[in-house]
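The tour below moves from one selection to the next and says what is found at each stop.

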Amino acid sequence: MILCENLGKRFGSSWALRGVTFEVGRGVVLAVLGPNGAGKTTLVRILTTELAPTEGRAQVAGFDVVREAEKLRRVIAAVPQEARPIDFLTPHEFVVSYLLLRGYSLKEAKRRGAEVLKQFGLWDVRNREIDTLSGGMKRRTLVAAVFAAEAEVVFLDEPTTGLDVYSRRVVWNAVVELKRRGATVVLTTHYAEEAAALADWVLVLNGGRVVDFAPPAKLVESVPGKYVVEIYGRDGTKLNSLAVAEVGDRRLYYVETPAYVEGAVVRPKSLEDYILLKIGAVGGHEGD
Ligand SMILES: Nc1ncnc2c1ncn2[C@@H]1O[C@H](COP(=O)(O)OP(=O)(O)OP(=O)(O)O)[C@@H](O)[C@H]1O
């Protein structure tokens, strides 16, 4: 359903993406993880036909992103990173007009619109001007419209950034339902727990290169030990740890068995630990 071969994008003299190769099938949720500037948005922009690659090739739903861009646009839907719904419309008007633009009849657009506005907890505010809604509700309106469109491939670039815990889960449910319907979903995120909760496959980018491409559980497995002892401003060298991640004065010790240290937090390892160890160690945090 999505195929990239040696995909690269250069801006001026620097490469935002280089040598990106991977393939995912239908009904798969792919999370793209990586630090700021890793190339996540550039990849999504190429796959949604917004940007042309400098080298390599990519296919989405059987269409080449350059040569068959027109056809491809009909079977995908996307929420770009910083997109906002049109302010002077209401959520109802916005969702219905989005569906009309995508070729739904007015009757179908209204029916489907009502369905998703309820599902996304926007029914009570459906007739308020979007301008008067909170940032999270605006973002939910946008995701609701894209979700309503029943596209074959859906791209969500940081769909839950800035959302409260309830709204985040509303979006998560939408992703699960898209997958259940057989859609392929590409999701960029900075939240490891989001990727762990939703993704079948994770593409990890750093500095424009693929660092890993694997199911989330495999990435967690690659973290040494079973537990993490997090200590702030103190030494934990007596813990016999298998690996250590350092974030300023905070040290994370990866151990086989949980150990008690005063003032420490002990927890099972997670996908976040994979990122801290693998990306934290090699990554540059541009723009942080
Ligand atoms: N239009 C552009 N012109 C020049 N450089 C660009 C352009 N778009 C992106 N870049 C550069 O390409 C690199 C990758 O950027 P991209 O936005 O894809 O990263 P990202 O992983 O989405 O980052 P973030 O997590 O901060 O959103 C960065 O170094 C960025 O500065």
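Begin by selecting Asp157, whose bridge partner in β8 is Thr188. Widening the selection to the two strands brings up β7 (residues 153-157) and β8 (residues 184-188), which run parallel and are joined by five bridges. Strand names here follow DSSP runs numbered from the N terminus, with strands (E) of at least two residues and helices (H or I) of at least four, and two strands are said to pair if DSSP finds at least two bridges between them. This is a predicted model, in which local features need pLDDT of at least 70 and side-chain atom pairs count only at pLDDT 80 or more, while totals for chains, interfaces and linings use all residues. Residues are numbered from 1 along each chain as its sequence is written, and side-chain values use heavy atoms, with hydrogens and water left out.

Next, show the whole sheet to which these strands belong, an open sheet of six strands in the order β6-β7-β8-β3-β9-β10, with mixed pairing. At its edges stand β6 (76-79) and β10 (209-214), each with a single partner strand, so one side of each is left without a neighbour in the sheet. Neighbouring strands of this sheet are turned by 15 degrees against each other on average, direction ignored; the axes behind such angles are lines fitted to C-alpha atoms (for helices over the stretch in contact), and angles run from 0 to 180 degrees between N-to-C directions.

Now select β9 (residues 201-206) together with β10, which pair in the antiparallel sense over five bridges. Asn206 stands opposite Arg209 in β10, and in the hairpin of these strands, which has two residues between them, Gly207 takes a positive phi near 55 degrees.

A second hairpin can be shown by selecting β4 (residues 55-60) and β5 (residues 63-64). β4 and β5 pair in the antiparallel sense over two bridges, with Gln59 opposite Asp64 in β5. Two residues lie between the strands of this hairpin, and Ala61 takes a positive phi near 50 degrees.

Move on to the open sheet of four strands, whose order is β12-β13-β11-β14 and whose pairing is antiparallel. Its edge strands, β12 (243-247) and β14 (265-268), each pair on one side only, and the twist averages 20 degrees from one strand to the next. Working across this sheet, β12 and β13 (residues 250-255) pair over five bridges, and Leu252 in β13 is the bridge partner of Ala245. β13 in turn pairs with β11 (residues 227-232) over six bridges, where Ile231 stands opposite Arg251. β11 and β14 pair over four bridges, and Val266 in β14 is the bridge partner of Val229.

For the last stop, select Ala16, Gly37, Ala38, Gly39 and Thr42, which lie nearest the centre of the second largest pocket among its 19 lining residues. The elements giving two or more residues to this lining are β2 (14-24) and α1 (40-47), and α1 supplies the largest share, four residues. A pocket is an open set of points on a 1 Å grid over the protein atoms alone where a 1.4 Å probe fits, with protein on both sides within 12 Å along at least five of seven lines, and lining residues have an atom within 4 Å of a point.
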